[in-house]
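Begin with the model shown below and keep its sequence at hand.

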Amino acid sequence: AVVSTQSTGIDVDSLIRLVECSSDTAEAQKLAPTPVNGGVVMQYLPSVKDFAVDMICVKDSYLLQGKVSPQIMLCTEGSGVVKTTHSAEEMRPGEVVFVIPGVSVTITGNVTLFSAYAQH
């Protein structure tokens, strides 16, 4: 493929020097989770230092403390409710909720959620 820098203004040579183009097996690239709060939360920390993903497995009720950054929470299994002091959202697989910074949520039900957020 030929890349033209005339129309984009991109410094292709610098970009190629900065991009890591290594590969490995899928197994070697899997992130190992760190259990948090007795294993209710499993935290995944990718090589991007400002980013994290938590898997939250709730069997009854769990209070999740507010984060410094916004969160996007995705339901992958089961059903439950994500509740703040101002609202309550029913969650089923495929549904997403946005949580503003500093807001704690109570999660009830038998549900698995993934929460993506920035770490500061």
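Strands are DSSP runs of E, at least two residues long, numbered from the N terminus. The model is a predicted one. On its surface, Ile72, Leu74, Val96, Phe98 and Ile100 make a nonpolar patch of about 470 Å². At least two residues of the nonpolar patch come from β5, and at least two from β7 (96–99). Val96 is one of the patch residues and has its place in strand β7. Because exposed means over 50% relative accessible area, Val96 counts as exposed at 51%.

In soluble globular proteins, nonpolar side chains tend to be buried together. The largest nonpolar core here has 15 residues, and those that touch the most other members are Ile56, Leu64, Met73, Val82, Ile107 and Leu113. At least two residues of this core are supplied by each of β3 (51–58), β4 (61–64), β5, β7 and β8 (105–118). The most comes from β8, which gives four residues.

The side chain of Asp54 is joined to that of Tyr117 by a polar contact of 3.0 Å. Leaving aside neighbours within four places in sequence, the contacts of Asp54 include Val41, Met42, Gln43 and Lys67, as well as Leu113, Phe114 and Ser115.

Thr84 lies in a loop, the one between β5 (71–83) and β6 (88–91). With a relative accessible area of 19%, Thr84 is buried, because the cut-off for buried is under 20%. A polar atom of the Thr84 side chain lies 3.1 Å from the backbone nitrogen of His86. Beyond its neighbours within four places in sequence, Thr84 is in contact with Val103, Ser104 and Val105.

The last stop is another loop residue, Asn37, found between β1 (34–36) and β2 (41–44). Asn37 has a relative accessible area of 51% and is exposed. Most residues other than glycine have a negative phi.

Terms used
Residues are numbered from 1 along each chain as its sequence is written. This is a predicted model: local features need pLDDT of at least 70, side-chain atom pairs count only at pLDDT 80 or more; totals for chains, interfaces and linings use all residues. Side-chain values use heavy atoms; hydrogens and water are left out. Buried means under 20% relative accessible area, exposed over 50%, partly exposed in between (1.4 Å probe, protein chains only). A polar contact is a pair of N or O atoms within 3.5 Å; within protein, one must be able to donate a hydrogen and the other to accept it, and residues adjacent in sequence count only if both atoms are side-chain atoms. Contact means heavy atoms within 4.5 Å. Patches are made of residues with over 30% relative accessible area and no salt bridge: like charges are joined within 9 Å, nonpolar side chains (Val, Leu, Ile, Met, Phe, Trp, Tyr) within 5 Å. Accessible areas come from the Shrake-Rupley method with a 1.4 Å probe; for residues, only the protein chains shown count as cover. A salt bridge is a side-chain nitrogen of Lys or Arg within 4 Å of a carboxyl oxygen of Asp or Glu. A nonpolar core is a set of buried Ala, Val, Leu, Ile, Met, Phe, Trp, Tyr and Cys residues joined through side-chain atoms within 4.5 Å.
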